[in-house]
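Hi everyone, thanks for making time.

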Amino acid sequence: MPDGAMTKTAMLEIADLHGFYGESHVLHGVSLEVRQGEVVTLLGRNGAGKTSTMRAIMGIMGKRTGSIRFQGTELIGMAQHKIPRLGIGYVPEERGIFSSLSVDENLTLPPVVKDGGMTVPQIYDLFPNLKGRGSTQGTRLSGGEQQMLAIARILRTGANLILLDEPTEGLAPVIIEQIGVAVRALKQRGFTIVLVEQNFRFAATIADRHYVMEEGHVVDMIPNDQLHANMDKLHTYLGV
Amino acid sequence: MVSLLGIPPQVLFGQLLLGLINGSFYALLSLGLAVIFGMLNVINFAHGALYMVGAFVAWLLLTYAGVGYWGALVVAPLVVGLLGIALEKSMLSRLYKLDHLYGLLLTFGLALILEGAFRHQYGVSGQPYPIPDALKGGQNLGFMFLPNYRAWVVVASLTICFGTWFAIERTKLGAYLRAATENPTLVQAFGINVPVMVSLTYGFGVALAGLAGVLAAPIYQVSPLMGSNLIIIVFAVVVIGGMGSILGAIVTGLGLGLLEGLTKVFYPEASNIVVFVVMAIVLLIKPAGLFGRER
């Protein structure tokens, strides 16, 4: 599998990425690549720069240097609202469900940017919990349902690269399992996924490769099938 | 007809109508302020001055270009809206990262400049603006005389207010607006050009003020100070309704206009302060306003 994946072209290539929030330098030369159809995780302790890497890809960061190429297009210097229009969907850590919008309005808010997005009935098949909740206020859903909605609204847009920031954070095991089923289904459908995860047992069930981050840069890459052989190393990295 | 509580019905209904007219202007102006505050977090002190500019554009169009009331009703809000977009793009947009106070000070300064410029050019005595022919005269309702133009102002402002409410609360465009009010960064990360949306929102909010100015021109005179006379009450309305609440602005605007009218009938001495008394009471009991959400 890793050999097969190697021959595929890189969809997202990040090289020597530095990122700043005002005066504070948070990313120190991140380099990684994600190939078409892969699920890649960013692992690391709190503050290692995982969320910042995602925000840098989306342009939600004061200053970025280095290179972020998506399907050959350079994202650094691009207007913030144009980045998602290339086909990148972002599911933020805080989920970002709008309280002044109903579930339906939340679901249909992100504009369709490309052909080939999922239809609303297909989305309901993937997340049956959201069905029939259309007129409910977005933030009245449970935490797990809000996470599903945050993922669901991106699937409509036709984005083919999805950035998922800690989708399992704070959720009950049974809900985490449902999210896992959904993410695997998305992979089957051909979505490329970058996943930030603290819960690496969850990550191990869906990812092809893992990038380990420390102090604002990537320190290691572990293919999922070599995860067991590298357990000791990983424990040291994550401090668990 | 018998009198009510010793008040002749003509007086009572006359004052209620006047209250409803004033309330219509309060509602239109505070609606614009609420839309702007919700999206930009700016307390737009220039709102009264832009209302005045709207009235002056109507007067200038009539005096120098022969364009009448109905034309002005379309052109003046457009002019004021474009002026607003220019002000937002060139100045206000630079202040969003700073404290709210800076936006307030900037717009306060803009209001002084606009009022000063018109005062320099046209003096403080008002310019009369005629009622359009189609709306002259009135209806005798039996218990009172209802001038057509005043009825039109009430109907027009109510229509615009509820149209705006509907557009914001019930349409897709409104959903973008509500979402961007809550979390502009995320809306931008979905591929929407939020800075353009912010400019258009400001333009729309002040265009409402311009429109109110045209509606007001035949009732009050067109004067450089007409905005500053009104804006203090409108701010009280916004505070009572709850900063940023659309429905709150509309309902409170109309309600306070009527309350003012009633006060004029029953205790005229208090009619100038009743709005501020209500504001003080509301702030004590519900600091976020009647329709506002606590932050």
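Reading chain B from the N terminus, the order of elements goes α-α-α-α-β-β-α-α-α-α-α-α-α. That gives eleven helices and two strands for this chain. Keep in mind as we go that this is a predicted model.

How compact is chain B? Its radius of gyration is 19 Å, and the globule rule gives 19 Å for 295 residues, so chain B is as compact as a globular protein of that length.

Now, the inside. In soluble globular proteins, nonpolar side chains tend to be buried together. Here the largest nonpolar core has 163 residues, and the ones touching the most other members are B:Leu29, B:Leu31, B:Ala55, B:Val80 and B:Ala212. Which helix of chain B gives the most to this core? That's helix H1, residues 9-40, with 18 residues.

Let's zoom in on one of those names, B:Ala212. Leaving out anything up to four places away in sequence, B:Ala212 touches B:Phe25, B:Leu28, B:Leu29, B:Tyr51 and B:Gly54.

Pick B:Leu28 from that list. It sits in helix H1 of chain B. Is B:Leu28 buried or exposed? The cut-off for buried is 20 or more other C-beta atoms within 10 Å, and B:Leu28 has 29 such neighbours, so it counts as buried. Beyond four places in sequence, B:Leu28 touches B:Ser157, B:Ile160, B:Cys161, B:Leu208 and, again, B:Ala212. For some scale, B:Leu28 and B:Glu182 are 154 residues apart in sequence, and their C-alpha atoms are 23 Å apart in space.

Another residue to look at is B:Val239, which you'll find in helix H9, residues 226-241, of chain B. B:Val239 has 22 C-beta neighbours inside 10 Å, so this one counts as buried too. Skipping neighbours within four places in sequence, the contacts of B:Val239 are B:Met279, B:Leu283 and B:Gly289. Then there's B:Ser30: along the sequence B:Val239 and B:Ser30 are 209 residues apart, but C-alpha to C-alpha the separation is 9.5 Å.

Okay, over to chain A. This chain has eight helices and ten strands. Its radius of gyration is 17 Å, close to the 18 Å from the globule rule for 240 residues, so chain A is also as compact as a globular protein of its length. Along the principal axes, the C-alpha atoms of chain A fill a box of roughly 45 × 40 × 35 Å. Buried residues come to 46% of the 240. As for contacts in chain A with a separation of 6 or more, 70% link residues 24 or more positions apart.

Four strands of chain A form an open sheet in the order E2-E1-E4-E5, paired antiparallel. Which strands are at the edges? Those are E2 (24-35) and E5 (73-74), each pairing on one side only. Further in, E1 (residues 10-21) and E4 (residues 63-70) run antiparallel and are joined by seven bridges. Within that pair, A:Ala15 stands opposite A:Ser67. Packed on the sheet is helix H2, residues 50-58 of chain A, which touches E1, E2 and E4, and its direction makes about 75° with that of E2.

A:Gln71, in the loop between E4 and E5 of chain A, has a positive phi, near 45°, and isn't a glycine. A:Gln71 is partly exposed, with 15 other C-beta atoms within 10 Å. A:Glu166 has a positive phi of about 45° as well, and lies in the loop between strand E7 (161-165) and helix H6 (173-188) of chain A. Is A:Glu166 buried or exposed? Buried, with 21 other C-beta atoms within 10 Å.

Last thing: where the chains meet. In total, 18 residues of chain A are in contact with 14 residues of chain B. On the chain A side, that's eleven nonpolar, five polar and two charged residues.

Notes: Residues are numbered from 1 along each chain as its sequence is written. Chains are lettered from A and ligands numbered from 1 in the order in which they are written. This is a predicted model: local features need pLDDT of at least 70, side-chain atom pairs count only at pLDDT 80 or more; totals for chains, interfaces and linings use all residues. Two strands pair if DSSP finds at least two bridges between them. Two residues are in contact if their C-beta atoms, placed from the backbone, lie within 7 Å. Axes are lines fitted to C-alpha atoms, for helices over the stretch in contact, and angles run from 0 to 180 degrees between N-to-C directions. Ala, Val, Leu, Ile, Met, Phe, Trp, Tyr, Cys and Pro count as nonpolar, Asp, Glu, Lys and Arg as charged, and the others, Gly among them, as polar. The radius of gyration is taken over C-alpha atoms; the globule rule is 2.2 Å times the number of residues to the power 0.38. A nonpolar core is a set of buried Ala, Val, Leu, Ile, Met, Phe, Trp, Tyr and Cys residues joined through C-beta atoms within 7 Å. A residue is buried if 20 or more other C-beta atoms lie within 10 Å of its own, exposed if 12 or fewer, and partly exposed in between; C-beta atoms are placed from the backbone.
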